[in-house]
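Hi,

Here is the structure I promised to pass on.

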Amino acid sequence: MAKGGIYLSCSAFVCALAFLGVDGDFVDITYVASAVGKGAVCLDGSPPAYHLARGFGSGVNSWLVHFEGGGWCSNATTCLQRKHTRLGSSKQMAKQIAFSGILSNTPDYNPDFYNWNKVKVRYCDGSSFTGDVEKVDPATKLHYRGARVWQIVMADLLAKGMNKADKALISGCSAGALTSILHCDRFRDLFPLDVKVKCLSDAGFFINEKDIAGVEYIAAFFNDVVTTHGSAKNLPSSCTSNLPPGMCFFPQNEVKHIQTPLFILNAAYDSWQVRNILAPGFADPHGKWHSCKGDIEQCPASQLQILQGFRNDFLEALEEQGSPSTRGLFINSCFVHCQSEMQEIWFASGAPMLGNKTIADAVGDWFYDRSPFQKIDCAYPCDSTCHNRIYDSSKA
């Protein structure tokens with residue numbers, strides 16, 4: 001399986017339709033052409049891009065900036081592979097994408113953020129917007145410039161009205177959620193102190209866990225990402241002053257230092273982490289985990305016990321961050337990865353719930369300070385509201 005890829009049991013197009021719902025909105029792409037001259041570019045040197053749906057009514061000065069996910073590349077070989085895809089080149093990106101879930105413009109589907117200015121920042125640098133290497137290798141022509149992309153996109157949005165925001169929320173899915181964690185306080189610093197600014201991480205709390213073969217694969221992988229992209233200088237100094245830079249890609253070494261209110265939305269059995277951190281293919285050469293990591297209901301008791309151990313380690317890493325009153329938590333026991341972009345999971349009839357609240361209700365109550373929300377689900381299979389995903393395990 002390609003690092004950071006997610007394969008479902010349906011085609012990407014069919015899945016998009018299923019998750020979108022009838023009122024999904026298609027939003028045109030915007031290229032930041034001026035970024036090229038400043039070296040703030042995708043892996044292939046093309047300009048960064050985002051999709052902006054303008055706010056209206058009471059939300060005209062409210063801004064939601066959501067970062068796309070898509071894993072990471074850790075060396076020239078894997079970055080070259082991305083260079084020719086939408087995850088490394090804006091030339092390969094769709095000219096329109098569907099906004100649903102937290103990006104929906106319909107109050108029935110997105111009650112608290114529907115009329116905000118909503119931005120989806122496309123991901124084409126492979127480093128969660130942290131890299132910055134000045135030299136471009138003449139052989140590969142790869143540009144490691146994620147941090148510059150972050151800066152130029154934020155500047156472009158500020159010029160387009162975000163500088164007048166009275167409320168702002170940075171969010172993201174997966175590698176984009178890691179972006180929202182790593183850049184949380186930096187996003188806060190873009191606005192005056194009287195602006196309400198918060199951060200949301202959806203499936204971005206990646207933990208430093210050994211794989212089933214006992215190898216610290218993900219720690220080595222993140223170290224290679226940081227080294228390849230020159231990310232160290234763009235990671236929070238509160239972490240890098242105490243730990244090796246690669247370790248500062250792990251939220252468990254970051255979150256406790258974040259000053260801005262942060263909401264952590266995550267499945268305790270995060271399906272991407274199970275398939276790529278706990279049981280990657282190379283740690284399972286005989287394929288004993290193929291069925292289990294494709295469908296949690298197919299896990300025998302022995303493997304389910306290991307998954308319960310993973311959940312325990314996840315919750316322990318989360319507990320180490322403390323629980324300040326400004327922190328939001330929605331940790332369910334579903335087998336899924338990213339829940340804010342999928343309409344059926346974010347806010348719909350039959351959507352997952354904790355404490356009788358959907359994810360949308362919990363995040364909205366937290367953002368607007370209507371009520372705090374910090375809830376952790378009981379262990380699998382107790383939650384009947386889960387939308388567990390089934391993945392094509394032959395590609396895992």
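Leaving aside its neighbours within four places in sequence, which residues is alanine 147 in contact with? They are Phe129, Thr130, Gly131, Asp132 and Asn234, where contact means heavy atoms within 4.5 Å. I'll come back to that residue below.

A word on the ground rules. This is a predicted model, in which local features need pLDDT of at least 70 and side-chain atom pairs count only at pLDDT 80 or more, while totals for chains, interfaces and linings use all residues. Residues are numbered from 1 along each chain as its sequence is written, and side-chain values use heavy atoms, with hydrogens and water left out. Helices (H or I, at least four residues) and strands (E, at least two) are DSSP runs, numbered from the N terminus.

The sheet

There is an open sheet of 10 strands with mixed pairing, in the order S4-S1-S2-S5-S3-S6-S7-S8-S9-S12. (Two strands pair if DSSP finds at least two bridges between them.) Strand S4 (96-99) and strand S12 (374-376) are at the edges with a single partner strand each, so one side of each has no neighbour in the sheet. From one strand to the next, the twist averages 20°; axes here are lines fitted to C-alpha atoms, for helices over the stretch in contact, and angles run from 0 to 180 degrees between N-to-C directions.

Here is how some of the pairs line up:

- S1 and S2 are antiparallel, with 3 bridges, and threonine 30 has tyrosine 50 in S2 as its bridge partner.
- S2 and S5 also run antiparallel, joined by 4 bridges; here tyrosine 50 is partnered by valine 121 in S5.
- S8 and S9 are parallel over 5 bridges, with glycine 328 in S9 as the bridge partner of phenylalanine 263.
- S9 and S12 pair in the parallel sense over 3 bridges, where leucine 329 has glutamine 374 in S12 as its partner.

The helices

Helix H3 (residues 146-159) lies across S2, S3, strand S5 (117-121) and S6, and runs at about 155° to S3. Helix H10 (residues 301-319) packs on the sheet as well, touching strand S8 (262-267), strand S9 (328-332) and S12, and its direction makes about 175° with that of S9.

Alanine 147, from the opening question, is in H3. It counts as buried because its relative accessibility is 5%. Alanine 147 and phenylalanine 129 are 18 residues apart in sequence, yet 4.8 Å apart C-alpha to C-alpha.

Helix H4 (residues 175-182) is mostly covered, with 8 of its 8 residues buried. Its cover includes strand S3 (62-67), strand S6 (167-172), helix H5 (184-188) and strand S7 (196-202).

Aspartate 44 lies in the loop between strand S1 (25-31) and strand S2 (49-53). The side chains of aspartate 44 and serine 46 are joined by a polar contact of 2.5 Å (a pair of N or O atoms within 3.5 Å; within protein, one must be able to donate a hydrogen and the other to accept it, and residues adjacent in sequence count only if both atoms are side-chain atoms). Not counting residues up to four places away in sequence, aspartate 44 touches Lys83, Gly88, Ser89, Lys91 and His143.

Tyrosine 380 and proline 381 are joined by a cis peptide bond, with omega about 10°; proline 381 sits in the segment after S12.

Asparagine 356 is not a glycine, but has a positive phi of about 65°. It is found in the loop between strand S10 (353-354) and strand S11 (357-358) and counts as exposed at 70% relative accessibility. Aspartate 369, also not a glycine, has a positive phi of about 60°; its place is in the loop between helix H12 (359-367) and S12, and it is exposed, with a relative accessible area of 51%.

Cheers

Note on methods: Buried < 20%, exposed > 50% of the residue type's maximum accessible area, 1.4 Å probe, protein only.
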